[in-house]
Amino acid sequence: MTGKPRSFQDIILALQAYWARQGCAVLQPYDMEVGAGTFHPATTLRSLGPNPWAAAYVQPSRRPTDGRYGDSPNRLQHYYQFQVLIKPSPPDLQALYLGSLEAIGIDMALHDIRFVEDDWESPTLGAWGLGWEVWCDGMEVSQFTYFQQVGGHDCRPVSGELTYGLERLAMYVLGMDHVMEMPFNDPQTPMPLTYGDVFRQAEREYARWNFDVADTPTLLRHFEDAEAECARILEQPATDPRTGRQIVMAQPAYDQCIKASHLFNLLDARGVISVTERQAYIGRVRALAKACADAFLLTEAGGGAPEAAAAS
Amino acid sequence: MPDLLIELLSEEIPARMQRRAAEDLKSLVTNGLVEAGLTYAGAAAFSTPRRLALSVEGLTASSPDTREERKGPRVGAPDKAVEGFARGAGVEVSALEKRDAGKGEVYFAVIAHKGRPADAIVAEVLERAIRDFPWPKSMRWGTGDLRWVRPLHGILCILTDEAGPRIVPMEIGGLAAGAGTIGHRFMGNEAFSVSSFEDYEAKLKRAHVILRPEERAETIQHDAQTRAFAQGLELVEDRGLLDEVSGLVEWPVVLMGEIGEEFLHLPPEVLQTSMKEHQKFFSVKDRQGRISRFVTVANIDTPDDGATILAGNGRVLAARLADARFFWDNDLRKVKAGGMEALGEGLEAVTFQSQLGSQADRVGRIAALARSIAPQVGAEADEAEQAARIAKVDLRSEMVGEFPELQGLMGRYYAAEAGLPAAVAQAAEEHYRPLGPSDAVPEAPVSIAVALADKLDTLAGFWAIDEKPTGSKDPFALRRAALGVIRLVLANGLRLPLLPHLAYTGLRATEEGEVAAAHDAVVEAQQGTQAQPDAAADLLGFFHDRLKVHLKGEGLRHDVIDAAAAMPGSDDLWLLVARAQALAGVLKTDDGENLLQGFRRANNILTQAETQDGVEYAFGADRKFIEDPAETVLFDALDAAQPKIDEAMGREDFAGAMAAMAGLRGPIDGFFEAVQVNSENQILRRNRLNLLSRIRTLCLSVADLTRLEG
């Protein structure tokens with residue numbers, strides 16, 4: 001991209017190029033339904049353990065309760081987050097972050113950038129951190145968090161996490177008032193597409209399904225299946241009978257945790273979870289997340305010693 | 001006498017923590033310096049979003065030499081003990097002194113401590129202050145173990161004397177102290193070094209950082225007022241917001257923008273809440289008192305004089321207000337089509353508390369209660385019930401869903417739009433009050449009725465299911481509810497016996513067919529948990545405890561309140577307080593104080609005799625057994641006081657009754673001086689005990705003096 005971004009995808013491309021230059025591995029979205037970029041194993045699991053890590057990626061995120069049939073100027077049940085995770089958090093992370101804003105055409109001399117207190121907590125992931133929401137001219141454009149705990153484990157070293165709400169950020173940079181009118185690709189091309197051209201139809205369909213049609217007994221059953229499968233995976237002995245190798249299956253188990261979390265969100269959107277039940281469901285997902293975090297720490301990627309773990 | 005300057009530079013510190021943190025830095029460092037033997041002339045602490053700074057003037061250059069004397073074993077003790085003592089004290093055995101300490105000679109060690117230079121002490125004290133800093137929440141970062149509110153980037157620590165500045169050598173978490181810092185993140189990001197506090201403050205300002213929070217606040221206040229005034233407008237003052245905003249910027253730049261015409265019809269509170277809570281904007285009123293502009297405070301001077309920033313902020317605000325207008329229009333449409341009932345649809349689906357049913361169930365109970373309270377507070381019963389029925393409706397409105405802090409207020413707007421009487425609409429807003437000890441108490445009768453009903457239902461309900469506050473845990477804010485009732489009663493001079501309203505009203509509402517099947521479950525649960533019949537009495541006790549806390553501020557002793565609370569009618573809080581105040585008044589007088597002594601003496605003798613004899617002396621004394629003139633005087637005094645006290649009590653004139661009671665002091669004292677109650681003559685003894693009984697009965701008819709302490 002040269003000059004000011006002209007489309008939604010220009011912003012994504014610019015962020016990817018910028019963070020690639022800063023040494024991040026530019027990953028692709030995780031191939032499962034998640035509520036936020038944090039759920040990608042490249043963040044949740046990789047923020048655990050001693051091994052260094054630096055990754056950036058786009059993650060489609062789903063929040064069924066935010067569906068507005070494609071009518072709302074800024075609320076969507078499916079949207080994109082851009083996520084950066086660097087471990088250990090570098091001392092100049094704030095400066096690096098500001099550089100990324102410049103990379104998408106925000107001129108630091110003209111705008112008012114502010115770091116406003118915002119502590120982050122994810123009860124379903126058993127995670128929390130301290131940081132800010134970043135304001136540009138009064139608009140929240142990112143979340144900036146130093147992870148302190150994930151899956152109930154202290155983060156050592158600490159990861160720095162940046163999350164950009166892409167639609168909102170892009171609307172601001174491109175000067176759009178309604179998300180559906182935002183150019184998705186270059187508006188000068190022979191086949192210009194708006195965000196609405198790409199997503200309006202799907203937003204409508206999912207809003208209807210999320211709110212009124214999704215079969216709640218099925219969702220409940222799937223929730224329980226995912227929960228059971230997660231536990232079953234983690235119960236397996238570390239030694240794989242086929243290969244004789246030490247293979248703790250943290251990520252397949254974590255997939256089931258992600259599934260359970262998303263199913264819970266769907267049930268919530270269907271309005272079948274009461275206030276008291278809500279806490280219980282969150283607790284069940286958190287228990288899965290913690291078990292997966294425990295397992296990840298036993299793997300090589302998690303800095304564990306699989307042989308020792310097997311011996312114990 | 002060197003001066004000390006410290007700056008701790010970090011990533012952005014939450015605004016709400018900055019001022020406290022500056023004070024904590026000051027006290028941790030100055031206390032540490034003083035404990036280590038240094039003194040100083042003055043100290044001041046400062047904060048900005050990225051730094052805490054401390055200036056200490058006139059510090060002593062070193063701590064004084066000191067001598068410590070330690071007493072050891074007696075002379076002649078085993079060598080090992082003496083050697084051990086000397087080693088412990090760090091001196092040679094030969095240097096020990098022998099002194100006679102009264103019981104023979106004892107070894108003394110005299111240890112000389114050399115004074116230490118301020119540099120070493122400062123380094124130690126600052127390191128400890130950083131490690132022990134009382135942040136409400138702190139964090140680690142990178143690979144380090146140091147905790148700070150956000151990553152710590154720099155430590156400036158210098159001592160400046162005639163010879164110039166010198167760095168205090170210290171290191172913590174890989175950061176070494178230096179003499180430099182940096183300025184504003186975007187307008188002064190180059191490093192510079194400083195030689196003194198004055199130099200530091202001046203150079204910071206050149207680098208676009210105003211060090212003093214109050215200076216930033218003044219700048220904001222002044223510039224905002226000036227800008228508003230220049231347009232013939234007026235800034236809406238907001239001290240809390242001003243403090244917060246001055247903690248969000250190092251270089252305040254005030255910008256004023258317009259609120260779109262299409263939003264100006266929204267209730268001013270909606271505009272203000274939306275602007276303040278979400279955007280930290282100040283509101284600006286026009287001549288008609290309409291909020292028409294906003295003031296935002298940026299942290300940067302820009303070449304376009306803030307035009308881009310203002311445009312951006314305006315767009316964010318417009319998006320927020322578009323949401324608010326959408327909610328407002330939707331709510332109004334419902335109200336206009338189907339009244340408050342239409343807006344409140346679905347309240348039965350909102351759980352208030354699992355054992356106490358839904359919000360709709362609760363509304364039914366409050367309506368019945370408000371109706372029965374109404375005549376006692378001067379409200380129209382129908383209006384009170386109507387107000388109670390619509391008071392919670394706004395909980396279902398979209399506006400309150402988005403802005404929960406507007407609950408009540410939106411109810412008033414919607415009730416007015418629905419064409420309900422003004423008193424009803426007003427009650428919708430006011431029935432949550434008083435919210436805190438400083439919140440105003442409703443004065444309109446309908447508001448009072450609903451406010452009382454709301455709180456009494458909450459208290460009675462949670463008492464019925466045995467969910468009372470314990471220790472610091474009060475998740476349902478029941479203490480606040482009880483205090484609210486107390487303030488409503490006292491401020492409005494209400495004569496409202498509470499006991500009839502303290503029994504859980506869920507049962508009553510069911511009997512009256514007000515509330516349907518949802519209640520059956522509640523009633524069952526209640527019977528299951530054997531809701532004690534004395535729950536109401538227990539709850540009344542809770543009110544009395546809260547009353548003690550409340551009246552402590554007015555200097556009313558808790559035992560005086562106990563003495564009043566033990567009397568009949570103690571669920572009439574106004575009466576209880578009047579009695580307690582009168583009692584406190586009379587106890588301050590000489591007569592009152594002495595009467596209390598006389599009462600106690602009478603009561604003690606009588607109680608002892610009654611225990612011993614196993615009878616109650618309450619037959620009335622007879623004048624024919626009088627032996628001493630003092631007895632006649634007491635008889636006369638009691639005969640005269642009795643009707644006065646009865647009459648005053650009949651008028652609830654407690655001061656009058658107590659004055660009459662205090663008048664008995666002389667005759668009682670005289671009686672005890674002249675007469676031996678426990679006479680050998682059993683007839684005389686019984687008569688005198690019966691006379692004492694009259695004193696006791698008369699005094700106890702005014703207040704339970706046995707509850708008084710001291």
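Good morning. In chain A, the C-alpha centres of domain 1 and domain 2 lie 25 Å apart. Please bear in mind throughout that this is a predicted model. Domain 1 of chain A covers residues 8-209, and domain 2 of chain A covers residues 214-311. Where these two domains touch, domain 1 of chain A gives 24 residues and domain 2 of chain A gives 24 residues. On the domain 1 side of that contact, 12 residues are nonpolar, nine are polar and three are charged.

Let us turn to the contact between the chains. Chain A contributes 29 residues and chain B contributes 29 residues. On the chain B side, the elements that give two or more residues are strand S16 (291-298) and helix H8 (307-343). The largest share, six residues, comes from H8(B). By class, this side of chain B has 12 nonpolar, 11 polar and six charged residues.

I close with a sheet in chain B. In general, strands of a sheet pair through backbone hydrogen bonds, either parallel or antiparallel. Here, three strands form an open sheet in the order S4-S6-S5, with antiparallel pairing. Why does one side of S4 (66-74) and of S5 (97-100) in chain B lack a neighbour in the sheet? These strands stand at the edges and each has a single partner strand, so one side of each is left without a neighbour. On average, neighbouring strands of the sheet are turned by 40° against each other, direction ignored.

Four bridges join S5(B) to S6(B), residues 105-113. Across this pairing, Arg99(B) stands opposite Val106(B). Helix H2 of chain B, residues 79-89, packs on the sheet and touches S4 and S6 of chain B. The direction of H2 makes about 20° with that of S6(B). Thank you.

Notes:
Residues numbered from 1 in each chain as written. Chains lettered and ligands numbered in written order. Predicted model: local features only at pLDDT ≥ 70, side-chain atom pairs only at ≥ 80, totals over all residues. Contact = placed C-beta atoms within 7 Å. Nonpolar A, V, L, I, M, F, W, Y, C, P; charged D, E, K, R; others polar. Domains from an automatic or database assignment. Pairing = 2+ DSSP bridges. Axes fitted to C-alpha atoms, helices over the stretch in contact; angles between N-to-C directions.
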